[in-house]
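Grab a pencil and work through these exercises with the model open beside you. Each task comes with a solution you can follow one step at a time.

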Amino acid sequence: NVSLEYEKSEVNAGFFYSNAEQRDKLVESERKFTDEKVKKIIELKKKVCTEENGKNFVIINQKGIDPPSLEMLAHERIIALRRAKRRNMERLPLIVGGVAVNSVDDLDEDDLGFADVVYEQSLGDDKYTF
């Protein structure tokens, strides 16, 4: 349950730049902050999922995941589901045996759950993941 997308500040703040370079530095630092969170998830995946054990990694997040973060995760063969409903997020740990975490800093192997199969199925216009 970690936001993996750029978010606007909740405080009404105005930034005034004297040039475009200052603005680019701010945008770069915001992107770097989100990328660091994604890299911590990727590090854990590499630690847990090896070619020998054949395991895959799935992230289910109640908050959003922006396209650059989704791309980084997909490149590492991590399935990422975003904007899961709260009710489902409460049920998932009970089903797979994992623990819902609110920070990637606290992420550990002990927090992970296990499922034999994860698949997506289309029913009409909607897609469901089981």
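This is a predicted model: local features need pLDDT of at least 70, side-chain atom pairs count only at pLDDT 80 or more; totals for chains, interfaces and linings use all residues.

**Exercise 1. The whole chain**

How many helices and strands does the chain have, and in what order do the elements run?

Solution. 

- Step 1: Count the elements: there are 3 helices and 4 strands.
- Step 2: Read from the N terminus on, and you get α-β-α-β-α-β-β.
- Step 3: Check burial. Of the 130 residues in the chain, 23% are buried.

**Exercise 2. Helix H1 and what covers it**

Compare the span of H1 with the expected value, and work out which of its residues are buried.

Solution. 

- Step 1: H1 runs over residues 20–48, which is 29 residues.
- Step 2: From its first C-alpha to its last, H1 reaches 42 Å, close to the 42 Å expected at 1.5 Å a residue.
- Step 3: Pick out the buried positions. They are Thr-34, Asp-35, Lys-37, Val-38, Ile-41, Ile-42, Leu-44, Lys-45 and Val-48.
- Step 4: See what lies over them. The cover includes strand S1 (57–60), helix H2 (67–75) and strand S2 (78–81).

**Exercise 3. How H1 meets H2**

Describe how H1 and H2 pack: what is the angle, and how far apart are the axes?

Solution. 

- Step 1: The packing angle is about 25 degrees, and the axes are 10 Å apart.
- Step 2: Angles under 35 degrees count as roughly parallel, so H1 and H2 are roughly parallel to each other.
- Step 3: As for handedness, the two helices make a right-handed crossing.
- Step 4: List who makes the contact. H1 brings Arg-31, Thr-34, Asp-35, Val-38, Lys-39, Ile-41 and Ile-42, while H2 brings Pro-68, Ser-69, Met-72 and Leu-73.
- Step 5: Sort the residues of this contact by type, and you end up with 6 nonpolar, 2 polar and 3 charged.

**Exercise 4. Two arginines with positive phi**

What is phi of Arg-77 and of Arg-83, and in which loops do you find Arg-77 and Arg-83?

Solution. 

- Step 1: Start from the background rule: most residues other than glycine have a negative phi.
- Step 2: Arg-77 isn't a glycine, yet its phi is positive, about 60 degrees. You'll find Arg-77 in the loop between H2 and S2.
- Step 3: How accessible is Arg-77? Its relative accessibility is 67%, so Arg-77 counts as exposed.
- Step 4: Arg-83, also a residue other than glycine, has a positive phi near 55 degrees. Arg-83 sits in the loop between S2 and helix H3 (86–96).

**Exercise 5. Apart in sequence, checked in space**

What C-alpha separation do you get for Phe-114 and Lys-55, and for Asn-88 and Gln-62?

Solution. 

- Step 1: Phe-114 is in the loop between H3 and strand S3 (120–123). With 53% relative accessibility, Phe-114 counts as exposed.
- Step 2: Phe-114 and Lys-55 are 59 residues apart along the chain, and 9.6 Å separates their C-alpha atoms.
- Step 3: Asn-88 lies in helix H3. Its relative accessible area is 31%, so Asn-88 is partly exposed.
- Step 4: Asn-88 and Gln-62 are 26 residues apart in sequence, and their C-alpha atoms are 9.1 Å apart in space.

Technical notes. Residues are numbered from 1 along each chain as its sequence is written. Side-chain values use heavy atoms; hydrogens and water are left out. The expected span of a helix is 1.5 Å times one less than its number of residues. Buried means under 20% relative accessible area, exposed over 50%, partly exposed in between (1.4 Å probe, protein chains only). Contact means heavy atoms within 4.5 Å. Axes are lines fitted to C-alpha atoms, for helices over the stretch in contact, and angles run from 0 to 180 degrees between N-to-C directions. Angles under 35 degrees count as roughly parallel, over 145 as roughly antiparallel, 65 to 115 as roughly perpendicular and the rest as oblique. A crossing is left-handed if the near helix is turned anticlockwise from the far one by less than a right angle, and right-handed if clockwise. Ala, Val, Leu, Ile, Met, Phe, Trp, Tyr, Cys and Pro count as nonpolar, Asp, Glu, Lys and Arg as charged, and the others, Gly among them, as polar.
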